[in-house]
Amino acid sequence: MKTMLQFLIRRRNPRFRFDPDLDSRVLLQFTVILGMSMLRGLRLLLALRKPKGAMLAAGVTMFAIHKIQWGRFMKLGKHVHLSGLGKGGLQIGDHVGIGAYSRVIVSSSLTALGAHIAIGNRVGIGEYAYLGGAGGLEIGADCIIGQYFSCHPENHVHSEVHLPIRLQGVTHRGISIGSNCWIGSKVTVLDGVSIGVGSVIAAGAVVTRSFPPYSIIGGVPARLLKSRIPTPVL
């Protein structure tokens, strides 16, 4: 059974291999959970959509599903909520995993539709993430992202001190995260930020400005710690 299950999982993750010390009872429980997730994925047929091998844990919900596009073998944890409400909707690539209790929401308002969210192939996002798409959010392929990650491509105008902030409107510049980034737990990325490809963001960082490719950044607010590109030896 282990060999057959490993073969099936490798269709989603070609490098997957069970630990040789994995005991049969754990393997059986894992098989049941995986099977139930695949059965829940078939519910997408009720919305006249192709599941494409989607695996959905209990409590997954979707709003404006006609504006959501997903690739092969999407995996959503418990109580993940997706909302495609927005001008460009929500695009999810192949082999994407989103952890339990995460919320991926292009818009939360019917009076001011957000831009879009695009998540590239083979992206893994940890539990309790919040991804907003009001000003546009793009995450490149092969990013690995820890728990409690949040992106907020929107800022409130607050220049007028005698007027409630909620009445002063918002600005949108968007957020772009390059491919092959490693983002630690509890990282927050704010509007207008662009993260270059191959960058590493330390846990707990609050990213308020852009950084070039292959940066290692951390802190509140985040700053450049070093570059992953080796310094030439003279």
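A residue is called buried when its relative accessible area is under 20%, exposed when that area is over 50%, and partly exposed in between, with a 1.4 Å probe and protein chains only. By this criterion Ser150, at a relative accessible area of 10%, is buried. The model is a predicted one, in which local features need pLDDT of at least 70 and side-chain atom pairs count only at pLDDT 80 or more, whereas totals for chains, interfaces and linings use all residues. Residues are numbered from 1 along each chain as its sequence is written, and side-chain values use heavy atoms, with hydrogens and water left out.

Ser150 belongs to strand β14, residues 150-152; strands (E, at least two residues) and helices (H or I, at least four) are DSSP runs numbered from the N terminus. Its side chain forms a polar contact with that of His152 at 3.3 Å. Such a contact is a pair of N or O atoms within 3.5 Å; within protein, one must be able to donate a hydrogen and the other to accept it, and residues adjacent in sequence count only if both atoms are side-chain atoms. Leaving aside residues up to four places away in sequence, Ser150 touches Tyr130, Val187, Thr188 and Val189, where contact means heavy atoms within 4.5 Å.

Leu131 lies in strand β11, residues 130-132, and is buried at 1% relative accessibility. With residues up to four places away in sequence again left out, its contacts include Ile105, Ile119, Phe149 and Cys151. The C-alpha atom of Leu131 is 16 Å from that of Lys75, a residue 56 positions away along the chain.

The cysteines come next. Cys151 is buried, with a relative accessible area of 0%, and Cys143 is likewise buried at 0%. A disulfide is a covalent bond between the sulfur atoms of two cysteines; here the criterion is a pair of cysteine sulfur atoms within 2.5 Å. A search of the whole structure finds 0 disulfides.
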